[in-house]
Amino acid sequence: ASNTAKGKFLLQGTTRSGLVFGSFFGGFHAIKYGTKVAIDPGEVSEIVVAAAISMAGLGYKPSTRSSMPYGAMLIVMDCVSSYMREND
């Protein structure tokens with residue numbers, strides 16, 4: 001394959017991954033904030049609700065199911081970050 005084809009392939013994969021994870025994590029935070037504003041159940045419940053809905057979104061399409069472990073890791077990192085901010 002030519003270098004142009006290789007570059008095009010990498011660009012397509014990077015763009016797809018960026019859109020999937022950007023949409024996923026942006027949606028996670030929008031749902032988390034919406035839950036806080038609407039019913040304010042506490043931080044743990046906000047994270048659980050947002051994580052369940054966001055992960056269901058990733059699991060809906062077979063082509064994005066392979067991204068679920070990475071999405072879960074983003075949520076875990078957000079939880080750790082929230083915990084560290086609270087306990088400073």
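In this predicted model, Phe 25 has a relative accessible area of 23% and is therefore partly exposed, since the buried class ends under 20%. Its partner in an aromatic pair is Phe 28, for which the relative accessibility is 0%, so that Phe 28 counts as buried. The two rings are stacked, with 5.8 Å from centre to centre and 10° between the planes. Both residues belong to helix α1, and because they are 3 residues apart, about one helical turn separates them.

The whole structure contains 2 aromatic pairs. In the pair formed by Phe 21 and Tyr 70, the ring centres are 6.3 Å apart and the planes stand at 85°, so the arrangement is edge-to-face. This pair connects distant parts of the chain: Phe 21 lies in helix α1 (residues 3-38) and Tyr 70 in helix α3 (residues 68-86), 49 residues apart. With a relative accessibility of 22%, Phe 21 is classed as partly exposed. Tyr 70, by contrast, reaches 55% and counts as exposed, because exposure is assigned over 50%.

A nonpolar patch is also found on the surface, formed by Met 73, Val 76, Met 77, Val 80, Tyr 83 and Met 84. Together, these residues present about 620 Å² of accessible area. One of them, Met 77, is located in helix α3. The relative accessible area of Met 77 is 47%, and Met 77 is therefore partly exposed.

Note on methods. Residues are numbered from 1 along each chain as its sequence is written. This is a predicted model: local features need pLDDT of at least 70, side-chain atom pairs count only at pLDDT 80 or more; totals for chains, interfaces and linings use all residues. Side-chain values use heavy atoms; hydrogens and water are left out. Rings of Phe, Tyr and Trp (its six-membered ring) pair if their centres lie within 6.5 Å; planes under 30 degrees apart count as stacked, over 60 as edge-to-face and the rest as tilted. Helices (H or I, at least four residues) and strands (E, at least two) are DSSP runs, numbered from the N terminus. Buried means under 20% relative accessible area, exposed over 50%, partly exposed in between (1.4 Å probe, protein chains only). Patches are made of residues with over 30% relative accessible area and no salt bridge: like charges are joined within 9 Å, nonpolar side chains (Val, Leu, Ile, Met, Phe, Trp, Tyr) within 5 Å. Accessible areas come from the Shrake-Rupley method with a 1.4 Å probe; for residues, only the protein chains shown count as cover. A salt bridge is a side-chain nitrogen of Lys or Arg within 4 Å of a carboxyl oxygen of Asp or Glu.
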